[in-house]
Amino acid sequence: MTRTFRRTLMASLAMLCLGTCEALSPIIIKGTKFFDSVTKDQFYIKGVSYQPRTLSAGFTDPLSKPNDCKRDFALMKDLGLNTVRVYQVDPTLNHDECMKTMQDEGMYLLLDLAVPKHSIVRTNPEYDTNIWNNVRGTIDAFKGYPNTLGFFIGNEVTNDKNTTVASAYVKALLRDTKNYISSASSRKIPVGYANNDDADIRLQIQAYFNCGKDEERIDFFGINLYEWCGIKHTYQTSGYVERTKDIATYSIPVFLSEFGCNLVTPRTFPEVKSIFGPDMANTWSGGIVYEWSQEDNKYGLVQINPDNTVKILPDYTSLKSGLALLHPKGVKMDAFNEQRAPSTCPAITSTWEPNSKLPPTPSTAACDCMVSSLSCVASDQAVATTESLGTLLNTVCGMTSCDDISTNGKTGVYGKYSFCSPAQKLSYMYNLYYTKIGKNRYSFRSFVM
């Protein structure tokens, strides 16, 4: 092989590999900080929330639209970002092209695992097979991408002192998610939680998700913080200094999972000088601005037009100018050895009520086996809508005990089929009542739809 041919071959191989052979290094956690697993540099999250929706008819998965991803991720890179937070995806769709485009633009993904259809409802929390199967499917869909930075197990599920019981269900989902990743993924993908910063319970939430067994503790913590509104606020007057004090001894990485108050517009983002500067860079790990596209709530950095073109808004330009001057270096991973103890679980009070006993792991096999053993099951008509299911469950539970399908995160008592789907629970209760009344079909039909 001649020297000229070798040079030509190497150049051709380099062109073929451009954008395809060089993957982003996975991000890992050591102590309270994120690090690039290869360079060992500290990693600061410079991100944006990404869930375009105004022009869509209902829910759409933004990571299943390759053309939109190419359009938007290039602009995000130009803005100086390295992370994209996405709130909802459809795990049955293909995400290869969007994740490849994201990687080519040098960006990582933080993905929320819950979707509205399959999520823990704060006012009436349950953790069932539908939720767990959707979470596992989403993990399976994204665990293989090296630029999947981490997963959010929940976002503001408990949002005030009246909804704290819901956190027990989120923590159970956290436990199962971490255990599943350990068994199903070739690398450890961090799992975290995003809090809404409610003054009554912010410290309890912070401690609760960082206490207990390792599989019941989050790997990172996000705070959705909107206290800094415009140039009249400062690090000292905005509340940012107090939130920094709150996490001064926390044992895992913390970042702003949402920021960008819009009470003063256009936004100029003066807070980024503190987030990525001396005020916060030693304690926090960056932040995610809310949000990419202009929606009804008026937080957008860009406007997505009906013809699928994008208009740059003043917020984009201001954020770009602010971030361009901020490049925190942090520390090298090998030189960072500080390790802190996890938090102590918060005491049960009138404003913090989740029981230490968590809900069980949902089992599809157990629920299917239960249904297959029944003599009487709910009809398709009965389970056709969420409303009819709820009405019928309430009716039958007024006639016989529903302990086997009930769940109570305050007392820590969970029925043996409490994790089954609503339709399966209804079938179980129908059969229980059917058996109780001696298979008197007339009486049974008196309340069946």
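Student: What makes the pairing of Glu338 with Arg340 a salt bridge?

Tutor: In this predicted model, the closest N and O atoms of Glu338 and Arg340 are 3.0 Å apart, and a salt bridge is defined as a side-chain nitrogen of Lys or Arg within 4 Å of a carboxyl oxygen of Asp or Glu, so the pair qualifies. Local features here need pLDDT of at least 70 and side-chain atom pairs count only at pLDDT 80 or more, whereas totals for chains, interfaces and linings use all residues. Residues are numbered from 1 along each chain as its sequence is written, and side-chain values use heavy atoms, with hydrogens and water left out.

Student: Why is Glu338 called partly exposed, and why is Arg340?

Tutor: Buried means under 20% relative accessible area and exposed means over 50%, with partly exposed in between (1.4 Å probe, protein chains only). Glu338 has 38% relative accessibility and Arg340 has 29%, so each of them counts as partly exposed.

Student: Why do Asp68 and Arg71 count as buried?

Tutor: Asp68 has a relative accessible area of 15% and Arg71 one of 17%, and because buried means under 20%, both are buried. Asp68 and Arg71 form a salt bridge, their closest N and O atoms being 3.6 Å apart. Both lie in helix 2 (residues 66–79), three residues apart, about one turn of the helix; helices are DSSP runs (H or I, at least four residues), numbered from the N terminus.

Student: What makes Ser274 buried?

Tutor: Ser274, which is placed in helix 8 (residues 272–275), has 4% relative accessibility and therefore counts as buried. Leaving out residues up to four places away in sequence, Ser274 touches Trp228, Tyr235, Asp279, Met280 and Ala281, where contact means heavy atoms within 4.5 Å.

Student: What is meant by a nonpolar core, and how many residues has the largest one?

Tutor: A nonpolar core is a set of buried Ala, Val, Leu, Ile, Met, Phe, Trp, Tyr and Cys residues joined through side-chain atoms within 4.5 Å. The largest has 78 residues, and those with the most contacts inside it are Leu63, Phe142 and Leu301. Its largest share, nine residues, comes from helix 5 (residues 166–184).

Technical notes. Helix = DSSP H or I, 4+ residues; strand = E, 2+ residues; numbered from the N terminus.
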